[in-house]
Amino acid sequence: MSDTPTLELELKQLIIDTLELEDITADDIVADEPLFIDGLGLDSIDALELGLALQKHYGITLDAEAEDTRTHFASLNALRALVEARRER
Amino acid sequence: MHLTDWRAWQASATRTAHDSRVEITPTPRAEQVPAMLRRRLSSVGQACCTLLSALDPHANLPVIHASRHGDTTRILALLDAATQPDEALSPARFSLSVHNAILGLYSIVSQSHQPLEAVAACGDEFEAMMSEALGYLTERDEVIVLFSDIAAPDAFIHHGDYPAHASAVAMRLSRSTVTGVGSAELSASPVSPAASQTTHSPNAPTPLEVIHWLEQAEHLPEATLTCRRQHWQLVAPHPAPDHD
């Protein structure tokens, strides 16, 4: 998809701004590495904050209890696929 | 009890010369806190963590943190968001708006398993904090007290008693004198009811007044901080050193 690189950068910036990652740049977020714990090192509060940002920016509502929510947040690639498939704005 | 060491921070200077234990900067940065946790700390929070790690590098002591207003700025931002239609509240801000949030993050960073306690007392924070400290000192040899506050947020600039500048002060207190450390004796005597009516001393001291008191005690044989209930006196261990 032609807008993939743009969306990727947009999502990186969304993560940095929403989660106030003061020392991180877009280049530091590797698209296929884990966002949580081992990779970027985000935590459970970040997951809630990110869920809220997705709702606000793309109109995507996630069920916090659903098993696939974990899959959507696995990496930036997974997040991008979710936004491409389910965005409403 | 005895004061064995102290550290302080204020966002801006209040005198021409300050003690070397007072850090003055509008943007304190807790370098010892990993970036992923540091982003959750406000300026005051970063200053508090720095003071605590300077006084107790291995986090072996209980900490009592008193603050009159806590992170009011954060709570106001949440309240503002709550009044906007379709504006969801930030879970991160919410989780950090509680009064013990700074100590919570400090305990994660320092891996402290000691008792950590947050206190607010409508202006009587200093005395509330000290009476908690006395309680701990009946069972332990040492305790750390930390007193911080923010400057008035814009919305509250004409309301409430805020210090002129955001500030924090931490004191390491011990039950007895510590050998090899120049500790000052800290005692309290009751304020007489008549005197408390007429005194012009700040009887609800902010951290800035406490810092001033500690700085005075470095130069004078005796320095007094008058609060609502007690006069708190610091008495130098030896004749006051010559600081000229």
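**View 1. Helix 2 and helix 3 (67-72) of chain A each give at least two residues to the lining of the second largest pocket.** Helices here are DSSP runs of H or I, at least four residues long, numbered from the N terminus. A pocket is an open set of points on a 1 Å grid over the protein atoms alone, where a 1.4 Å probe fits, with protein on both sides within 12 Å along at least five of seven lines; lining residues have an atom within 4 Å of a point. This is a predicted model, where local features need pLDDT of at least 70 and side-chain atom pairs pLDDT 80 or more, while totals for chains, interfaces and linings use all residues. Residues count from 1 along each chain as written, chains are lettered from A and ligands numbered from 1 in written order, and side-chain values use heavy atoms, without hydrogens or water.

**View 2. Take a look around the second largest pocket, about 510 Å³ in volume.** That volume is the space filled by probe spheres set on the points, which are joined across faces, edges and corners. Its lining has 21 residues, and Ala47(A), Leu48(A), Ala64(A), Thr69(A) and Phe73(A) sit nearest the centre. Helix 2 of chain A is the top contributor to this lining, with six residues. Sort the lining of the second largest pocket by class and you get eleven nonpolar, five polar and five charged residues (nonpolar: Ala, Val, Leu, Ile, Met, Phe, Trp, Tyr, Cys, Pro; charged: Asp, Glu, Lys, Arg; polar: the others, Gly among them).

**View 3. Now for the largest pocket, with a volume of about 600 Å³.** Of the 29 residues lining the largest pocket, the ones nearest its centre are Thr18(A), Glu49(A), Leu52(A), Lys56(A) and Ser90(B). By class, the lining of the largest pocket splits into 13 charged, eleven nonpolar and five polar residues.

View 4. Buried area is the accessible area (1.4 Å probe) the two parts lose on being put together, summed over both. Three residues, Met36(B), Arg39(B) and Pro91(B), supply 47% of what chain B buries against chain A, more than any other three. The contact (heavy atoms within 4.5 Å) takes 15 residues from chain A and 14 from chain B.

**View 5. Eight salt bridges cross the interface of chain B and chain A.** A salt bridge puts a side-chain nitrogen of Lys or Arg within 4 Å of a carboxyl oxygen of Asp or Glu. Over all chains, the structure holds 23 of them. Asp43(A) pairs with Arg40(B), their closest N and O atoms 2.8 Å apart. Asp43(A) is in the loop between helix 1 and helix 2 of chain A, and Arg40(B) in the loop between helix 1 and helix 2 (43-55) of chain B, so this pair joins two chains. Another salt bridge links Asp46(A) to Arg39(B), with the closest N and O atoms 2.7 Å apart.
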